[in-house]
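Hello,

Here is the structure I promised to pass on. My notes follow below it.

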Amino acid sequence: MATKTQNTTYDVLIVGAGPSGTASAITLAKLGHSVLLIDQHPFPRDKVCGDVLTGSSIRLLNELGVWGDLESKVNKIPAVEFYQENSNPLTLDISFYTLKRRNLDTFLLDHAIAHGAEFEVLRFTGTIERKGDTSICETKSSNAQVVKIKAKYVLLAVGCQTPYVFNTNKRVRLKKPDLMAVRGYYYSDWNIDHLLVHFSEKYANGGFLWIFPMGNNEYNVGCGTKSYQKVALKKTLDKFISEFSKKTNTSGHWISTPKGAFLRTSLSNLKYAVVDNILLTGETLGSSLPMTGEGIGMALETGLLASRTIHKALIKKDTSLLKGYKKGIKKGLKIKYLLYRMGESVIRTNNGYLDFRFNALNKIFFSLSLRYFRFINRICVKLSNFAIIT
């Protein structure tokens, strides 16, 4: 298979088979382009994530034409509850869905292959040579064999866990991750049917913790904060669960050990969204939303936008059309990140991330700031055809 791969010049090479990469592969393959999708891991594989599908995620999965097949596999959630120590919770009656990324990513990969995309387990080394209108990307197989792949366009959707992105292009300096999180799967008799988000200085040094039901008494439980914070997140998570279970007179156990990951937010690498015939998308671009770290919907969004831009460039045989990708992000997506940053600034002090002092004034301030999101959500739905938290 490696020989065939090396002897073919693909229309598009997509590096990374997460939601952004697979959405791009599905779109381009359906449009008749030759697509090679690679990932360093065989599937199915685990991925650190909150596992939440928001309303925007569902809209995009519908655009891909896959939601009808996926809907029966998800767990429907009726609401989200925000709370802080010694404060009354705020509940928003908004529908969400949960599905393990292991299952979501495998589902999307299967659809990409069904539509004609090829898939190989190869690790991208970060080395890209440019020869004329073609890029030659160096990868390695599981047995360390070097496999060089030729493609007219390259889409990098490698997340932010790997340092191997632009080894050969010294003018590209990608931003470091700005959030970090751990999550594991926990079995408990908590009897929680909604998303639970806990902003906390006590546990996470001003970060946030979550409990998201996955169905059948299984929960995605995690903790996140700014990447520069010195917080032992796994110990924090254990302490939170222990005290929460004691408070609710419940018990449980870990199904899987918590794992950690970094995130990039706020389109931090937008400057490098297009480099020659290479496009960045998803977490590589910095597509996760600030404050919450929600990433699936925005990964799908940037993947669809990137693939449609590449399609135009292939049809017109005009690489300069790639500039439309960056313009499209600025026009269609930057407002959403701006609104999230505004919301984050409302509930953040100069001393820390979501850093609250537990007095009566800040309890009121906390409630008002969350109601701000409800208000902004309504504006976004009416004016921009997307919801900020749905």
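Leu31 counts as partly exposed, because its relative accessibility is 40%, between the 20% and 50% cut-offs. Please keep in mind that this is a predicted model. Leu31 sits in the loop between α2 (19-30) and β2 (35-39). His115 is 84 residues away from Leu31 in sequence, yet the C-alpha atoms are 9.4 Å apart in space.

Next, the salt bridges. The whole structure has 10 of them. One joins the side chains of Arg45 and Asp105, at 2.8 Å from N to O. This pair links distant parts of the chain, 60 residues apart. Arg45 is in the loop between β2 and β3, and Asp105 is in helix α5 (residues 101-114). Are these two residues buried or exposed? Both Arg45 and Asp105 are buried.

Arg59 forms a salt bridge with Glu63, with the closest N and O atoms 3.2 Å apart. Both residues lie in helix α3, four residues apart, or about one turn of the helix. Residues three or four places apart point the same way, because an α-helix has 3.6 residues a turn. Arg59 is partly exposed, with a relative accessible area of 25%. Glu63 is also partly exposed, at 39% relative accessibility.

Arg59 forms a salt bridge with Glu301 as well, and there the closest N and O atoms are 3.2 Å apart. Arg59 lies in helix α3 and Glu301 in helix α7, so the pair ties together parts that are 242 residues apart in sequence. Salt bridges with shared partners join Arg59, Glu63, Glu301 and Arg308 into one network.

Helix α3 covers residues 55-64. Its buried residues are Ser56, Ser57, Ile58, Leu60, Leu61 and Leu64. Gly65 follows α3 and has a positive phi, near 85°.

Now the helix packing. Helix α7 (residues 296-316) packs with helix α8 (residues 323-332) at an angle of about 145°, and their axes are 9 Å apart. The crossing of α7 past α8 is right-handed. Which residues meet there? From α7 come Thr302, Leu305, Ala306 and Thr309; from α8 come Gly324, Tyr325, Gly328 and Ile329. By class, this contact has four nonpolar, four polar and no charged residues.

Last, a sheet. Three strands form an open sheet in the order β3-β7-β4, with antiparallel pairing. β3 (52-53) and β4 (75-77) are the edge strands, each pairing on one side only. Three bridges join β4 to the antiparallel strand β7 (residues 96-98). Lys76 has Tyr97 in β7 as its bridge partner.

Best wishes

Conventions
Residues numbered from 1 in each chain as written. Predicted model: local features only at pLDDT ≥ 70, side-chain atom pairs only at ≥ 80, totals over all residues. Heavy atoms only, no water. Axes fitted to C-alpha atoms, helices over the stretch in contact; angles between N-to-C directions. Helix = DSSP H or I, 4+ residues; strand = E, 2+ residues; numbered from the N terminus. Left-handed = near helix turned anticlockwise from the far one by under 90°. Contact = heavy atoms within 4.5 Å. Nonpolar A, V, L, I, M, F, W, Y, C, P; charged D, E, K, R; others polar. Pairing = 2+ DSSP bridges. Buried < 20%, exposed > 50% of the residue type's maximum accessible area, 1.4 Å probe, protein only. Salt bridge = Lys/Arg side-chain N within 4 Å of Asp/Glu carboxyl O.
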